[in-house]
Amino acid sequence: MAEEVDVVVIGLGPGGEDAAGRLAEAGLSVVAVESRLVGGECPYYACVPTKMMVRAAGLLAEGARVPGMAGEASVRADWAPVAARIRDEATDDWDDKVAADRLTGKGARLVRGHGRITGPREVTVDGRVFQARRGIVLNTGTSPAAPPIDGLAGTPYWTNREAVQATEPPASLLVLGGGVVGAEMAQVFSRFGSRVTIVEAGDRLLANEEPESSALLRDVFEREGIGVRTGVGATGVSYENGEFTLRLGEESIVGDRLLVATGRRPNLRGLGLDAVGLDENARDVPVDGHMRAADGVWAIGDITGMGAFTHVSMYQAAIAVRDILGEEGPPAVYRAVPRVTFTDPEIGSVGLTEAQAREQNLPIRTAVSPIPESTRGWIHKTGNDGLIKLVENTEWGTLVGATAAGPSGGEVLGFLAVAVHTETPTASLREMIYAYPTFHRAIEPALTALAAKTSGT
């Protein structure tokens with residue numbers, strides 16, 4: 001017989017864990033279902049451990065910048081403390097006991113296993129049936145996706161998960177994919193001594209960002225000795241005697257390890273979405289402004305297609321919880337979703353890129369202000385690569401998108417995200433006082449350049 005509860009949450013990534021905990025604290029009976037680790041990808045294989053890797057690689061780069069700026073320094077890379085910190089501080093050796101105890105401590109019941117929707121408001125977990133009086137919350141996330149390249153299947157290639165668990169850097173690394181994961185990992189391992197080549201089928205790195213950001217990052221990578229191959233697709237892979245061979249048409253390149261970072265797929269197969277009128281073969285689960293996907297079903301996180309970011313998942317979780325509890329609150333608004341690529345320089349972006357704005361036929365003008373030309377960039381000197389780019393809707397007189405690339409680019413982005421979200425008039429932004437000398441002060445000349453331009457230029 002089915003056990004009656006108030007809510008079943010399937011998938012305990014950051015948003016699912018948060019939603020389950022909030023609902024339980026509100027007094028509902030909550031069953032939280034997870035087949036892997038409570039907390040999802042972020043704390044074990046993505047956001048947290050990878051940023052520990054980035055931090056360590058950044059320290060090596062800063063040490064190498066001492067000569068000519070502050071004396072002399074000798075830097076020797078050692079991966080051991082990085083691996084230890086990821087194992088001991090970030091992941092507890094990939095054990096989720098702390099997260100599980102945190103969840104159950106809030107009153108939710110954790111059920112290990114694969115949850116499947118088997119009827120309206122009904123979830124079955126390895127033979128156990130739960131009837132959810134209020135409904136079901138889906139937060140099943142995504143998994144690394146490997147392209148159908150001849151010979152790839154069956155080889156011991158890395159995804160982000162294996163890269164994070166590495167106990168030492170490889171002598172050489174081939175990175176397939178020039179998106180966020182590929183770019184961050186390429187620079188990290190290069191700074192720890194790996195000979196790295198990054199291969200991207202598209203015409204530039206970070207294809208979803210501004211082309212100025214792509215060009216900036218490529219220039220930095222090539223100066224650091226990272227091989228960058230764009231506009232070329234992999235046609236085959238082989239693995240023999242501990243070495244990968246990646247075929248690029250008539251050419252081949254060789255490496256000790258191959259990191260496949262070509263995207264992710266939603267974890268929808270086998271979820272039983274057809275039982276509630278949804279398509280498990282779809283790319284994502286459509287939701288309304290209150291995260292409702294179907295009668296008695298809410299979906300949050302990566303599977304909604306609104307951005308594969310922890311902060312989006314947490315934002316959506318709060319909205320879904322309010323709706324389930326019958327509380328008033330604003331619907332989701334995505335005009336100012338921030339995102340950061342944690343390379344050096346950091347690439348922080350919010351809202352629409354220039355290309356996206358033009359695709360929507362918005363009347364826009366743009367301006368770019370180079371960080372090195374700002375006073376803080378000049379003071380910073382080595383490692384000061386960066387830029388500010390603004391995208392303004394000339395009809396509204398507000399920013400619809402912005403990029404802050406450079407030292408602390410993700411932090412500078414905070415100012416721009418507020419401007420986009422609140423639709424602050426650019427005229428008001430130009431009237432502000434900007435602290436001197438700061439990196440964010442580079443926003444001021446970009447605003448001045450915007451004012452001097454005509455629509456559509």
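Colleague: How many residues of β8 are buried, and why is β8 largely enclosed by the rest of the structure?
Modeller: In this predicted model, both faces of β8 are covered, with S172, L174 and L176 buried on one side and L173 and V175 buried on the other. A residue is called buried when its relative accessible area is under 20%. The strand is largely enclosed by the rest of the structure because its buried residues number five of the five.

Colleague: In what order do the four strands of the open sheet stand?
Modeller: On one side, β8 is joined to β14 by four bridges, and these two strands run parallel, with L173 having R257 as its bridge partner in β14. β8 also pairs in the parallel sense with β9 over five bridges, and β9 in turn pairs with β10 over four bridges, again in the parallel sense. The order of the open sheet is therefore β10-β9-β8-β14.

Colleague: Which strands stand at the edges of this sheet?
Modeller: In the order β10-β9-β8-β14, an edge strand is one with a single partner, so one side of it is left without a neighbour in the sheet. The strands at the edges are β10 (227-230) and β14 (257-260).

Colleague: Which helix packs on the sheet, and what angle does its direction make with that of β9?
Modeller: The helix that touches β8 (172-176), β9 and β14 spans residues 180-191. Together with β8 and β9, this helix, α7, makes a right-handed β-α-β unit. The helix is α7, and its direction makes with that of β9 an angle of about 165°.

Definitions and conventions
Residues numbered from 1 in each chain as written. Predicted model: local features only at pLDDT ≥ 70, side-chain atom pairs only at ≥ 80, totals over all residues. Heavy atoms only, no water. Pairing = 2+ DSSP bridges. Contact = heavy atoms within 4.5 Å. Axes fitted to C-alpha atoms, helices over the stretch in contact; angles between N-to-C directions. Buried < 20%, exposed > 50% of the residue type's maximum accessible area, 1.4 Å probe, protein only. Right-handed = clockwise from strand over helix to strand, strands pointing away.
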